[in-house]
Amino acid sequence: MSEIAPNRQDRNEPRVAASPGPASAIGSGASRAGTIAAGVLLSRIAGLIRDSIFAHFLGDSATADAFKAGFRIPNILQNLFGEGVLSASFIPVYGKLLGEGDNETADMVAWGVGAILTLGVSVLVAIGVLVTPYLIDVIAPGFEGDKRDLTIQIVRILFPGAGLLVMSAWFLGVLNSHHKFFVSYTAPVAWNVAMIAALLYYGPRRSQDGLAIAISWGSVVGSALQIAVQVPQTLALLRKHRIDFARIAAPLRSVFHNLTPVVISRGVVNLSAYVDNMLASLLPTGAVAALNYGQLLYMVPISLFGYSVAASELPAMSRAAGAMPEQMNAILRARLNRGLRQIAFLVVPSSAAFLILGDVIVAMIYQSGAFTRADAVYVWAVLAGSGVGLLAATMGRLYNSAFYALFDTRTPLRFALIRVVLTLVLGYLCAIPLPPMLGIAQKWGVAGLTVSAGVAGWVEFVMLRWALNGRIGWTGLERSYLAKLWALAVGAAALAFILKLRMAGFGPRIQGLAILSTYGGLYLFGAWMLAMPELKQFTDQITRRLFPRAASNSSDQ
C-alpha cells in the first residue's frame, strides 16, 4: 500500500463512525497513557533491579562486554519484527476493522498475522543460530579469543528467546487495539524476574562466564513467561479461532505491505544502536558494557513518557483515520500538542538530571560489588551524552505514531535513513579520532557516541515535525513553555547538586534517594508555583493508578 491520504476511502469499505471531539478524545488518551506508563514503570523498575544485580556481579568486565554485546544481536529480531513494527503495521488495519464493527474479520486477521509471524520468526531464529559467528564479526569486530567465543555461545542461547519476544509483541498488538494496555506492558516483569532469579541463584556459585550463560537461559525462560501472562486476556478477546485466508487477503496484504517500510525503518533506526556497539567494541574493555548500562537508564524516560503517550494514541488515531479531514486534523493536532507538552514536562527534567546529576543516578542503581565509583563516573559520561537528544527522541515517537495512523510509513523511513547516516559519521568522528586529538583517553570516546546520536535525533525530529505540519497544520511546543521547563529543571538540579556536595560521605543509595527526591520535589514545587496544567495531569494520572475508586467517584461528582 502506498501512502494513503487521510480523507480517502476505498469504495468497498464503509466509513468509520464519527470520532469523538478533541476534548473527550484527549481525556481518554491521557488516561490510557497513564495506564501504559504504570505498566512500563513496573517493567522498567524490574529491569533496573536486574541490571543492578548484574552490575554487582559483573561490573565493567570483559564478560559484561560479551553479554551486553551478545544480548544485542538476537534483539535484531525483536527490533525488526517486534512491538513497534507490529504497532505500526498491524494495529492501524486491525483497529480500523474493530472501529467498523467487523469483529469476525478482525479476529481472523489477528490469527492470520500471528500464524504467518510464527512461521517467519521460527525460520529466522534457526538462521540466526547458524550464522551467529558471522554476526559477531559484524556487530563486535573488536572481540577476539575467549571473549568472542563466549559471545557466540550467549547469542546462540538467546536467539530462541528473542523469537518468543517477537510473538509477545503480537499479543501486545491485539490487547492495545482493544485498549487493554496494563497486562501487555507489565508482561516484561515476568521476563526480568526470571533473569533476576538466575542472577541471585547462580551469582555466588559460578564464575563470571558461567553466570553469563545462566542468565542467557534465564532470559529464554522469561520470554516464555512473558507470553504466558498475556494468553488468557488475548484468547478472551479473539473469539473466532478459524482463519479464512481468502476472506482476509486484502487486510493481510495491507498489514504486510505496511510492514515492509516499517521493518526497513526500524532496521535503519536500530542500525544506529548497533553501529554504536560496533564502534564501542573497538574501544578499551568496559566501553560496550558502559554504553549499555547508560542506554538502559536513557530508555526509562523514553518508555515512560514518550512511548506510553505514542502507544496510547495510535489505536485511537487509527480509528479516527476515516473521519472527515477537518475533524481528523483537529483531533490529531489537539492530541499531538497536548501530548508534546505532557512529554516535555517530564522529559526536560530527565535530561537535566542526566547532565547534572548523572553520577548520582548511576551510582544509586549500579554501584556495588564489581561496579566501582570510577565505573559510575564512566557511565555518567554516557548518560550525559544521551541527555542531549532525549527530548527529540521522545517527542519523535509521538510524531511517528501520527504518520502510522495516516497509513504513511514511508516518510518516517526517509528521515530515519538520514538520522542513521548522521549517527554513523558523527559517531565515528567523535568516538575514534576526536579523543586523541583533544588529548583525552580513548575510552571516553563512548560518550561521543551518545552525543552524536542525540544530534542526529534532533535533525530527524525537526524533519518529522516539518512534514506533518505541512499535512495537518501547526503542531509543536511554544518557546516560552520550553524556557520555563528548562529554567525549573536547571534551577532544581543546581540546588540538588549543592546537596550532593554536602552528602559526599554517604553511601550511593542514601545519597541518591535524598538528592533525587529533593530534585524532583523542587521541580514539581516550581511547576505548582507557575500553575502548570501538566502538573495536574501528572498527579491525576498517579491518583487514578493508586486510588482508582476515589478518582472515579471524583469524576462522577
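Start with Arg-247 and Asp-102. Their side chains form a salt bridge, at 4.0 Å from N to O. The two residues come from distant parts of the chain, 145 residues apart. Arg-247 sits in the loop between α11 (231-237) and α12 (249-281). Asp-102 sits in the loop between α4 (83-99) and α5 (103-130). Arg-247 is partly exposed, because its relative accessibility is 38%. Asp-102 is partly exposed as well, with 29%.

A word on the model before I go on. It is predicted. Please keep that in mind for every distance I quote.

Now the fold as a whole. We have 23 helices and 0 strands. The protein has 557 residues, and 57% of them count as buried. Take the contacts between residues at least 6 apart in sequence: 86% of these join residues at least 24 apart. The accessible surface is about 22,200 Å². Carbon and sulfur atoms account for 66% of that surface.

Back to charges. The whole structure holds 12 salt bridges. Next on my list is Arg-341 with Glu-534, a salt bridge at 2.7 Å, N to O. This pair also links distant parts of the chain, 193 residues apart. Arg-341 belongs to helix α14, residues 325-366. Glu-534 belongs to helix α22, residues 533-546. Glu-534 counts as buried, because its relative accessibility is 4%.

Helix α14 comes up again with Asp-359. The side chain of Asp-359 meets that of Arg-373 in a salt bridge, 2.9 Å from N to O. Asp-359 lies in α14 and Arg-373 in helix α15 (residues 373-387), so this bridge ties together parts that are 14 residues apart in sequence. Asp-359 is buried, because its relative accessibility is 2%. Arg-373 is partly exposed, with a relative accessible area of 38%. There is also a network: salt bridges with shared partners join Arg-50, Asp-51 and Lys-68.

Now an arginine without such a partner. Arg-72 is in helix α2, residues 62-72. Arg-72 is buried, yet it has no salt bridge. Which side chain of opposite charge is nearest to Arg-72? That is Asp-276, and it is 7.1 Å away. What Arg-72 does have is a polar contact of 3.2 Å with the side chain of Asn-292. Leave aside neighbours within four places in sequence, and Arg-72 is in contact with Ala-273, Tyr-274, Asn-277, Asn-292 and Gln-295.

Last stop, the surface. Here we find a nonpolar patch of about 700 Å². The residues that make it are Leu-355, Val-388, Ile-418, Val-451, Val-455, Trp-458, Val-459, Val-462, Trp-486 and Val-490. Which helices each supply at least two of the patch residues? They are α19 (445-472) and α20 (479-502). The most comes from α19, with 5 residues. Val-459 is in α19. This valine is partly exposed, because its relative accessibility is 32%.

That is the tour. I am happy to take questions.

Definitions and conventions: Residues numbered from 1 in each chain as written. Predicted model: local features only at pLDDT ≥ 70, side-chain atom pairs only at ≥ 80, totals over all residues. Heavy atoms only, no water. Patch = residues over 30% accessible without salt bridge, like charges linked within 9 Å, V, L, I, M, F, W, Y side chains within 5 Å. Areas by Shrake-Rupley, 256 points an atom, 1.4 Å probe, with all protein chains shown as cover. Helix = DSSP H or I, 4+ residues; strand = E, 2+ residues; numbered from the N terminus. Buried < 20%, exposed > 50% of the residue type's maximum accessible area, 1.4 Å probe, protein only. Lys, Arg positive; Asp, Glu negative; His and termini not counted. Polar contact = N/O pair within 3.5 Å; in protein donor to acceptor, adjacent residues only side chain to side chain. Contact = heavy atoms within 4.5 Å.
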